[in-house]
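Me: I have a model open and would like to go through a few spots in it with you. Could you take me through them one by one?

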Amino acid sequence: MSSAPAFKRLPRAVREQQMLDAAVKVFSRRGFHHASMDEIAEYAGISKPMVYAYLGTKEELFVACLHREGTRMMQAIAGAAAPDLPADVRLWRGLRAFFGFVGAHRDGWAVLYRQARGEQPFAGELATMRTRLVEVVAEMLDHALRAEGHEVGAVDLEVVAYALVGATESLADWLADRPEADPEKTATRMMNVAWLGAAQLLHGVTWRPPEREGPAPSE
C-alpha cells in the first residue's frame with residue numbers, strides 16, 4: 001500500500017489561507033531564519049512543493065504573512081472608528097479594535113511587530129504599515145481639534161500621533177505575552193492614558209518648561 005499522503009482538493013483561496021495560517025504560527029515561534037518550509041507544510045497538511053507553487057519562496061511567504069496580518073489589523077481599526085463619531089468614542093473604538101486584533105491574533109502580532117522588526121527587507125514593510133497607522137491617528141486628532149475650534153501644527157500632530165502609536169504598541173506587546181489579559185480592559189487602560197492628555201490638547205492646554213531652570217545636576 002502507498003504511504004504517500006492524499007490531499008483533499010480545496011479552492012485555491014482556501015488552501016492559501018491554510019498555508020498562511022500555518023506560516024504565521026511557525027514564523028511567530030521560530031522567527032524567519034529558523035522557520036523551515038518543511039515545518040510550515042507539515043502544519044498546513046500539504047506538501048512542501050505545493051507551498052512553493054502557491055506562495056513562492058520563504059521570503060515571499062513571510063511578506064504575504066505581513067500583508068495579510070497588517071491588512072486585517074488596519075481593516076479592524078478602520079471599520080470600528082467611523083469618522084462621524086465623537087473624538088473620544090472614535091479613539092476608544094479604534095483602540096478596542098486594535099487590542100481585540102492582538103488578543104485574537106497573537107501569532108500575527110508577533111510576526112508583524114517582533115519578527116519583522118530589524119529584518120531587511122521586512123522592516124520596510126512594517127515601517128510602511130506603521131506610517132499609515134500614525135497617519136490615521138493624526139487625522140483623527142486633527143478632525144477632533146477642528147471640531148473644537150482649535151488647530152495644531154502638522155509637526156505637533158505627528159509627534160502626538162507617534163507617541164500614541166508607540167505607547168499602544170508597547171501595551172500590545174504586554175497583552176500578547178499574557179493570554180489571561182482582557183483586550184477590552186487593556187484598551188480602557190490605554191484610553192485613560194491617551195485621552196486624558198489628548199483632551200487637554202483639544203482644549204488648548206499645553207505644558208511648557210519653566211523659563212528659568214537651575215543648573216543641571218553634576219554627574
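Reply: Let us start with a term: buried means under 20% relative accessible area, exposed means over 50%, and partly exposed is in between, with a 1.4 Å probe and protein chains only. This is a predicted model, in which local features need pLDDT of at least 70 and side-chain atom pairs count only at pLDDT 80 or more, while totals for chains, interfaces and linings use all residues. Residues are numbered from 1 along each chain as its sequence is written, and side-chain values use heavy atoms, with hydrogens and water left out.

Me: OK, so which class does Asp 88 fall in?

Reply: Asp 88 counts as partly exposed because its relative accessibility is 33%. Asp 88 belongs to helix H5, residues 87-104, where a helix is a DSSP run (H or I, at least four residues) numbered from the N terminus.

Me: And what is Asp 88 in contact with, leaving aside its neighbours within four places in sequence?

Reply: With those neighbours left out, Asp 88 is in contact (heavy atoms within 4.5 Å) with Met 191 and Trp 195. Met 191 is 103 residues from Asp 88 in sequence, yet their C-alpha atoms are 8.7 Å apart in space.

Me: Changing topic, is Glu 169 buried or exposed?

Reply: Glu 169 counts as buried, because its relative accessibility is 7%. Glu 169 sits in helix H8, residues 154-176, and beyond its neighbours within four places in sequence it is in contact with Trp 109, Tyr 113 and Arg 130.

Me: What about Ala 187, buried or exposed?

Reply: Ala 187 is buried, since its relative accessibility is 0%. Ala 187 is placed in helix H9, residues 183-202, and, leaving aside neighbours within four places in sequence, it is in contact with Trp 92, Leu 95, Arg 96 and Phe 99.

Me: Now the core: which residues touch the most other members of the largest one?

Reply: Those are Phe 27 and Leu 61, in a nonpolar core of 64 residues, meaning a set of buried Ala, Val, Leu, Ile, Met, Phe, Trp, Tyr and Cys residues joined through side-chain atoms within 4.5 Å. Helix H7, residues 122-147, supplies the largest share of this core, eleven residues.

Technical notes
Helices (H or I, at least four residues) and strands (E, at least two) are DSSP runs, numbered from the N terminus.
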